[in-house]
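The sequence and the structure are shown first.

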Amino acid sequence: MHIPDGFLPLGQAAIYYIITIIALYFALNWAKENLDEKRVPLMAVLAAFIFAIQAMNIPIPWGTSGHMLGAALVAIIFGSPWAAVLVLAVVLTVQTFFFADGGITAWGANILDMGVIAGFTGFGVFQALKKLNLWVAIFLAGWASIFVASLAVVLELVWAGTFPLDLGLFFMGLYHAVIGIAEGAITVVAILAIQRVRPDLLPWNKPKPDTEVEK
């Protein structure tokens with residue numbers, strides 16, 4: 001899903017840079033208010049995990065590549081899509097500048113797609129469905145995050161004149177609908193593992209404030 005250099009006109013790439021920098025401003029503000037010593041190591045572990053799963057790429061016709069993202073996983077664990085923006089920004093920055101995975105000119109677009117869009121989509125789906133069934137909501141959040149992000153990549157590349165709309169939507173949508181099953185399953189498995197080992201790290205296991213308990 002990483003967009004390489006040369007796929008986006010510089011003017012269009014600049015727009016994604018601006019949007020991403022604004023998103024990072026809010027993500028950093030969230031981090032200042034919500035991260036503590038207990039949760040920073042967890043964020044580092046998740047960043048390393050996401051770096052590893054994104055290394056498994058599948059070539060896609062009329063696409064860039066297909067791989068899992070991990071954005072919904074981070075957003076659900078930390079109870080905020082801004083956490084996903086922050087973690088994916090760190091991962092994608094390292095990939096871009098040290099491993100040439102994703103173009104420097106496309107840095108903003110890649111964070112926008114895999115951090116902002118995937119993170120907010122996954123968290124939104126989870127929030128909407130968690131009362132029906134927690135684990136189904138987690139699975140669908142993972143699936144939807146990667147599927148919607150892949151469609152965003154297509155639209156950006158169609159606007160750039162790099163993709164044909166019909167073939168881009170077909171191949172990127174089809175491949176990521178399938179990869180999304182693995183994304184959803186990995187998201188469920190990872191959160192199940194945390195639930196068993198450190199349930200106190202998950203937002204739905206946090207004790208309610210005394211004022212709420214009294215109510």
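Predicted model: local features only at pLDDT ≥ 70, side-chain atom pairs only at ≥ 80, totals over all residues.

Alanine 100 is exposed, its relative accessible area being 68%. The residue belongs to the loop that links H4 to helix H5 (107-129). The phi angle of alanine 100 is near 55°, a positive value in a residue that is not glycine. Most residues other than glycine have a negative phi.

**Overall fold**

The chain contains 8 helices and 0 strands, and its pattern along the sequence reads α-α-α-α-α-α-α-α. Its radius of gyration is 17 Å, close to the 17 Å that the globule rule gives for 215 residues, so the chain is as compact as a globular protein of that length. The C-alpha trace spans about 60 × 30 × 30 Å along its principal axes. Of the 215 residues, 47% are buried. Among contacts between residues at least 6 apart in sequence, 75% join residues at least 24 apart.

**Helix packing**

Two packed helices are described by the angle between their axes and the distance between the axes. Two helix pairs are set out here in turn.

Helix H1 (residues 10-34) packs against helix H4 (residues 81-99) at an angle of about 110°, and the two axes are 8 Å apart. Angles of 65 to 115 degrees count as roughly perpendicular, and H1 and H4 are therefore roughly perpendicular to each other. Their crossing is left-handed. On the H1 side the contact is made by Ala23, Leu24, Phe26, Ala27, Leu28, Trp30 and Ala31, and on the H4 side by Trp82, Ala83, Val85, Leu86 and Ala89. By class, the residues of this contact comprise 12 nonpolar, no polar and no charged.

The second pair is formed by H5 and helix H6 (residues 134-159), whose axes come within 7 Å and cross at roughly 150°. The crossing of H5 and H6 is right-handed. H5 contributes Ala109, Leu112, Asp113, Ile117, Ala118, Thr121, Gly122, Val125, Phe126 and Leu129 to the contact, while H6 contributes residues including Leu134, Ile138, Ala141, Ser145, Val148, Ala152 and Glu156. The contact of H5 with H6 has 17 nonpolar, 3 polar and 2 charged residues.

**Selected residues**

Valine 85, one of the H4 residues in the contact with H1, is buried, with a relative accessible area of 0%. Not counting residues up to four places away in sequence, valine 85 touches Ala23, Leu24, Ala27, Gly115, Val116 and Phe120. Among these neighbours, Ala23, Leu24 and Ala27 are listed for H1 in its contact with H4.

Glycine 119 lies in helix H5 and counts as buried at 0% relative accessibility. Which residues does glycine 119 touch, not counting residues up to four places away in sequence? They are Ala71, Ala75, Pro81 and Ala84.

Serine 80 is placed in the loop between helix H3 (71-78) and H4. Is serine 80 buried or exposed? Serine 80 is buried, since its relative accessible area is 7% and the cut-off for burial is under 20%. Leaving aside its neighbours within four places in sequence, serine 80 is in contact with Trp30, Ala75 and Phe123.

Isoleucine 58 occupies the loop between helix H2 (40-53) and H3. This residue is partly exposed, with a relative accessible area of 39%. Beyond its neighbours within four places in sequence, isoleucine 58 is in contact with Ser65, Gly66, Tyr175 and Ile179.

**Separations in sequence and in space**

The table lists residue pairs with their separation along the chain and the distance between their C-alpha atoms.

| Residue pair | Separation in sequence | C-alpha to C-alpha distance |
|---|---|---|
| Glycine 119 and isoleucine 3 | 116 residues | 18 Å |
| Isoleucine 58 and valine 154 | 96 residues | 16 Å |
| Valine 85 and glycine 173 | 88 residues | 22 Å |

Notes:
Residues numbered from 1 in each chain as written. Heavy atoms only, no water. Axes fitted to C-alpha atoms, helices over the stretch in contact; angles between N-to-C directions. Helix = DSSP H or I, 4+ residues; strand = E, 2+ residues; numbered from the N terminus. Parallel < 35°, antiparallel > 145°, perpendicular 65-115°, else oblique. Left-handed = near helix turned anticlockwise from the far one by under 90°. Contact = heavy atoms within 4.5 Å. Nonpolar A, V, L, I, M, F, W, Y, C, P; charged D, E, K, R; others polar. Rg over C-alpha atoms; globule rule 2.2 N^0.38 Å. Buried < 20%, exposed > 50% of the residue type's maximum accessible area, 1.4 Å probe, protein only.
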